[in-house]
Amino acid sequence: MDYKPVIIDALRVLEARDRADKKPFSVRAYATVLRHLEAHPAPIRSLAEIPVFQGVGEKIKKKMEEIVETGRLEAAEKAKADYPLEALALFGGIYGIGPVKARELVEMGLRTLTDLRVELHMRPDLLHEKQKAGLFYYEDLVERIPREEMREHELLLQGIAQVPMTIVGSYRRGAETSGDVDVLLRVPSAWTAAEGASYLHKFVRALETAGYMEYVLALGEKKCMGIARLPAQNKARRVDFLITPEHEYACALLYFTGSDMFNVAFRQHALQKGYTLNEHIMTPIGDAPAPPPFHTEQDIFRFLSLQYVEPSKRVEGAISGDAQSRPAGAAGLVSVCSTNTPLSLGISKRVLIKRPKVVYP
Ligand code: DCT
Ligand code: MG
């Protein structure tokens with residue numbers, strides 16, 4: 001018998017259990033092993049066939065051995081009995097609901113969206129307004145947006161924006177589907193913060209008037225997060241708008257185009273060159289010379305002695321926990337120095353911890 005599927009199932013349960021318990025390091029360890037196991041081409045029929053993966057600790061190895069020896073993993077069975085994992089994942093996937101609230105809901109005995117909707121009807125203060133919107137739109141928001149529909153969002157928004165705008169994120173990388181519509185609005189550097197905010201508020205009002213913006217989740221001076229729907233579409237979508245002054249536009253375009261793993265590799269490379277890089281600006285560390293103004297993404301690549309990477313090549317990459325590994329997207333980062341060999345981007349586990357999405361005040 002091939003125990004690999006049993007091992008994968010059991011480790012997934014423990015990964016979900018530790019996610020619910022907010023143990024990120026343990027979650028990462030399980031995720032790493034699972035990725036290795038899913039890519040492992042051979043069956044696991046005996047103890048001798050348990051593969052050795054770099055970075056897999058004794059504890060997980062023992063669990064794999066228990067499954068091969070007994071056909072089951074007690075810890076996973078206990079976790080399944082103790083934790084309503086599916087309900088935790090379901091509630092945690094609702095916009096605005098984090099692990100703590102998800103846990104509170106399952107501890108109340110709720111298991112399904114209908115349970116939650118009925119309970120909310122009786123206790124309207126159970127969720128705050130954004131969580132209510134997340135629940136209301138849940139079925140639409142879990143779906144990804146086809147590229148053809150993204151083009152329609154682009155056309156509609158270009159007709160209303162009145163400033164240059166770019167849809168960034170996975171759409172700019174050429175993805176066939178996108179999770180949301182990420183939009184950069186480029187405004188003159190001379191605009192004050194108040195002028196930028198005034199523009200954003202008017203823009204959002206125009207989107208509401210056009211019947212596009214259906215629910216504003218957050219609206220600040222520079223950023224608006226909302227839920228929108230194309231006139232002829234029946235699905236509501238998540239949209240994010242971000243005001244960027246012209247002198248920050250190149251850094252913003254690079255950052256918000258992603259992918260997130262490409263950004264990790266890129267920032268790491270910038271650090272090696274003596275600069276920190278964020279979605280606004282590149283800053284020298286110590287005595288590194290101040291960078292010149294960047295007008296385009298190409299300027300940033302050139303300044304860091306990198307060959308330009310087309311957005312479609314800034315791909316996601318499976319990462320292993322191995323400190324020597326690097327995201328696949330980083331493979332596209334090629335130094336334009338004499339050797340012209342791919343840069344060695346040794347990324348530590350600490351650096352690979354995902355940064356939360358930037359939210360402007
Ligand atoms: N980003 C990042 N690090 C993160 C999250 C986001 O560098 N932890 C950057 C890169 C992508 C961009 O912000 C937009 O973020 P998302 O919309 O979350 O990602 P996406 O690549 O557009 O993917 P999706 O299609 O799922 O929206
Ligand atoms: Mg996106």
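## H5 and H6: an oblique pair

In this predicted model, the axes of H5 and H6 cross at roughly 130°, so these two helices are oblique to each other. Their axes come within 9 Å, and the crossing is right-handed.

Which residues make the contact? On the H5 side they are Ala87, Leu88, Phe91 and Gly92. Across from them, H6 brings in Pro99, Ala102, Arg103, Leu105 and Val106.

## H5 again, this time with H1

H5 (residues 85–92) also meets H1. Here the axes come within 10 Å and cross at roughly 55°, so H1 and H5 are oblique to each other too. The handedness of this one is left-handed.

From H1, the residues involved are Val13, Ala16, Arg17 and Ala20. Their partners in H5 are Leu85, Leu88 and Ala89. Leu88 is worth a look on screen: it turns up in the contact with H1 and again in the contact with H6.

## H1 and what covers it

H1 has 17 residues and spans 24 Å from its first C-alpha to its last, close to the 24 Å expected at 1.5 Å a residue. Its buried residues are Lys4, Ile7, Ala10, Leu11, Val13, Leu14, Glu15, Ala16, Arg17 and Ala20.

What lies over the buried residues of H1? The cover includes H2, H3, H4 (74–82), H5 and H6 (99–107). Just past the end of H1, Lys22 has a positive phi of about 55°.

## H2: one face in, one face out

H2 runs over residues 24–39, which makes 16 residues. From first C-alpha to last it reaches 23 Å, close to the 22 Å expected at 1.5 Å a residue. Ala29, Tyr30, Thr32 and Val33 are its buried residues. Looking down the axis of H2, you'd find them within an arc of 155°, so they line one face of the helix.

And what does that buried set pack against? Its partners are H1 (4–20) and H3 (58–70). Turn to the face of H2 pointing away from the buried side and you come to the exposed residues Pro24, Glu38 and Ala39.

Methods: Residues are numbered from 1 along each chain as its sequence is written. Chains are lettered from A and ligands numbered from 1 in the order in which they are written. This is a predicted model: local features need pLDDT of at least 70, side-chain atom pairs count only at pLDDT 80 or more; totals for chains, interfaces and linings use all residues. Helices (H or I, at least four residues) and strands (E, at least two) are DSSP runs, numbered from the N terminus. The expected span of a helix is 1.5 Å times one less than its number of residues. A residue is buried if 20 or more other C-beta atoms lie within 10 Å of its own, exposed if 12 or fewer, and partly exposed in between; C-beta atoms are placed from the backbone. The arc is that of the directions from the helix axis to the C-beta atoms. Two residues are in contact if their C-beta atoms, placed from the backbone, lie within 7 Å. Axes are lines fitted to C-alpha atoms, for helices over the stretch in contact, and angles run from 0 to 180 degrees between N-to-C directions. Angles under 35 degrees count as roughly parallel, over 145 as roughly antiparallel, 65 to 115 as roughly perpendicular and the rest as oblique. A crossing is left-handed if the near helix is turned anticlockwise from the far one by less than a right angle, and right-handed if clockwise.
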